[in-house]
Structure formats: C-alpha cells, structure tokens
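Hi there,

Here is the structure I promised to pass on to you. Have a look at it first, and then read my notes below.

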Amino acid sequence: MDQVDKASIERTTHRVKDFFRQRKWPEIFIFLFFVLLSAGFWYLQSLQQEYETEIVIPVKYRNLPDDIMLTGEHPQEVTAKVRDKGIVLLNYSWLNSFAPIEINLKKLFGESGEQPVVARKVIESEISKQLMATTQLLHFEPSSIAINYTGLQSAVLPVIADVSVGFEPGFQVSDALAIDPAKVQVYATKAVLDTLKAIHTVSWTLKKVNKTQEVTLELKKISGVRTEPREVKVRIPVEEYTEKRLTIPVVCGTSPRNVTLRLFPASVEVVCNIPISRFKDLTESDFEIQVAYREFEKNKEQGRIFLALTRKPQWVENPVLIPDSIEFIIEQHP
C-alpha cells in the first residue's frame with residue numbers, strides 16, 4: 001500500500017513540473033502587468049466622476065445650565081448625504097475625523113422662553129464648515145434638534161468626606177478634617193432634594209500617614225443630581241502624638257449639711273494622647289469630674305460609683321480614667 005501511494009505522489013509531482021515548464025512565464029507576467037496598469041488607469045478615471053455618499057458627524061452638547069436637566073434621548077450624531085468627485089469622497093472616508101457639532105445649551109436657553117430648538121440652518125452651517133468647496137450637501141438627518149428638559153431646584157448642602165486614614169505609629173489626626181468648600185450648591189428635582197441631607201465625596205484611603213495631607217476629591221455622583229463645584233479639597237491635619245497624665249479631683253454636687261462624703265481615692269488620673277504641639281497647653285483645669293450627690297445615694301449599698309468626665313477639650317479624644325470607679329462612704333451627723 002505504501003509503495004502505491006509513493007508512486008502516485010511521484011507521478012503528480014512530475015505532472016506539476018511539466019505544467020510549469022511548458023508555460024512562458026515572462027509573457028504571462030508582462031500580460032498581468034498591463035492588466036493591473038489598465039485597472040489602475042480605470043480606477044483613477046472613475047475617481048474623477050461624481051458620486052453620492054453618507055458621512056456621519058458627532059454631536060456634542062456643552063454648557064448645560066446648572067438648573068436644567070436634559071430629559072429623553074437627544075441625537076448623538078448627524079448623518080449627511082453629500083455629492084462630489086470620487087477622489088474627494090475617498091478623502092472623507094480615509095480621514096473620517098469630522099469635528100463634533102457643538103451645541104451651546106446655555107446660549108440656546110437664553111434666547112427665548114420657548115422650547116429650545118437647534119435650527120436647520122445652524123446644523124447646515126456647522127456641516128458645511130467641514131466640507132470642501134466642491135462638495136454639495138444634499139440633505140441631512142436630523143434636520144433640527146429639539147431640546148427636551150426639566151427645570152431643577154437648588155439647595156445648599158454640607159459635604160462629608162469619606163476618608164479612611166491609617167497612621168504610622170505615634171501619629172494621629174490633630175483636628176477636624178477641613179473641607180473646602182464645606183457646602184456646595186446642589187441641583188435636582190424637589191422630590192430628590194427632599195431625600196438629601198448631605199453630599200459625600202468618593203471614598204479615599206490613605207495608609208502609613210505621618211504628616212498633614214491635602215487631597216482633591218470628586219463628589220459622589222447621584223443620578224439626577226448636579227453639584228457645583230463637582231470636587232472639593234480635603235485637608236487632613238496630622239501630628240505626632242504623645243501621652244500625658246493629669247490628676248483630676250472628683251467633685252461632688254451639693255450634699256446635705258448633716259452628711260460627710262468620703263471618697264477613696266479623692267482624685268484619679270486622666271490619661272490621653274495629644275499632639276506634641278499642644279502638650280503644654282493641656283492642664284488639670286481643662287478637665288472636670290463632677291458627680292451629683294443623688295448618684296452616691298443610689299449606689300450607697302454597693303459603696304462604689306463609676307466615673308465619667310463632665311468637661312474636656314473638644315480636641316482631646318478618648319481620654320481614660322484610672323481608676324474609672326471609686327469607693328465612698330456617706331457619714332451622717334445628728
């Protein structure tokens with residue numbers, strides 16, 4: 001079987017060789033050259049004739065007034081039918097880079113109180129600017145553009161920065177985040193505005209922070225809502241912290257004259273982490289632990305009462321009392 005296949009292959013190979021040997025290839029190549037040359041001349045000649053074709057030009061809407069929201073769908077392109085010589089139309093096809101027809105909505109809304117319409121002559125003028133002088137503009141669709149819209153109400157709302165900060169050891173935020181601007185103008189329908197209490201920024205995470213940071217964040221997008229401005233600057237004050245301990249007396253409110261209140265201990269420590277720059281500013285007088293006498297009466301049987309700071313600076317966070325409870329004795333006199 002293998003010998004038969006081998007013989008068949010050899011016969012086929014000889015036939016192919018004989019076929020090519022019998023042909024006059026130089027004459028064939030010359031013939032093909034003139035065929036291609038003739039085709040080229042015919043193609044160049046055809047490009048001098050006039051044809052019709054369609055071109056597509058994008059539409060761009062800009063300068064939308066803040067108190068206006070577009071509704072429905074608006075054309076994103078204009079299709080124009082044009083006539084010119086083939087060589088010109090071929091140029092349009094190759095370049096295919098028509099500039100968008102820009103519709104200035106702010107100007108359009110300011111022209112009259114009626115529904116704004118981009119007139120036919122405006123679109124025609126914008127198309128003609130991009131065509132060669134020899135090109136005929138036959139027609140285009142859409143021939144005009146009606147702008148559908150709804151009016152928006154406005155309100156001024158505070159901005160909340162969605163920022164997560166991770167610090168290097170020994171560093172913390174030294175003050176409240178500063179947002180600029182702290183409030184923004186918000187445009188939306190009344191139904192949507194009634195649901196909004198504040199505007200949030202996009203989420204942002206910082207890690208291993210050891211100095212004050214300032215970032216520009218976009219406001220989170222909400223469907224049907226427009227804000228002005230669309231971004232804010234957020235300043236995150238960061239300082240190195242240190243521990244400070246202060247001894248604070250426990251003060252009792254007014255007690256009956258025939259009663260002596262004995263506290264064990266009468267003072268406790270306040271331990272807090274504060275910025276190094278404010279270390280000297282923080283004193284015992286910035287804190288207070290005051291307990292009403294009635295609280296001692298409520299806990300008379302246990303003889304122990306838990307404590308809490310009744311005054312502290314706003315910039316001091318999470319101070320700890322050591323101990324956080326004390327024992328007491330109420331002595332009554334005749």
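Two strands pair if DSSP finds at least two bridges between them, where strands (E, at least two residues) are DSSP runs numbered from the N terminus. This is a predicted model, in which local features need pLDDT of at least 70, side-chain atom pairs count only at pLDDT 80 or more, and totals for chains, interfaces and linings use all residues. Residues are numbered from 1 along each chain as its sequence is written, and side-chain values use heavy atoms, with hydrogens and water left out.

Let's start with a sheet. Three strands form an open sheet in the order E20-E25-E23, and their pairing is antiparallel. Strands E20 (259-264) and E23 (304-306) are at the edges with a single partner strand each, so one side of each has no neighbour in the sheet. E23 and E25 run antiparallel and are joined by 3 bridges; Ile305 has Ile326 in E25 as its bridge partner.

Beyond its neighbours within four places in sequence, Ile330 is in contact (heavy atoms within 4.5 Å) with residues including Val259, Tyr293, Phe296 and Lys300. Lys300 is 30 residues away from Ile330 along the chain, yet their C-alpha atoms are separated by 7.6 Å.

Enjoy exploring!

Best wishes

Note on methods
Helix = DSSP H or I, 4+ residues; strand = E, 2+ residues; numbered from the N terminus.
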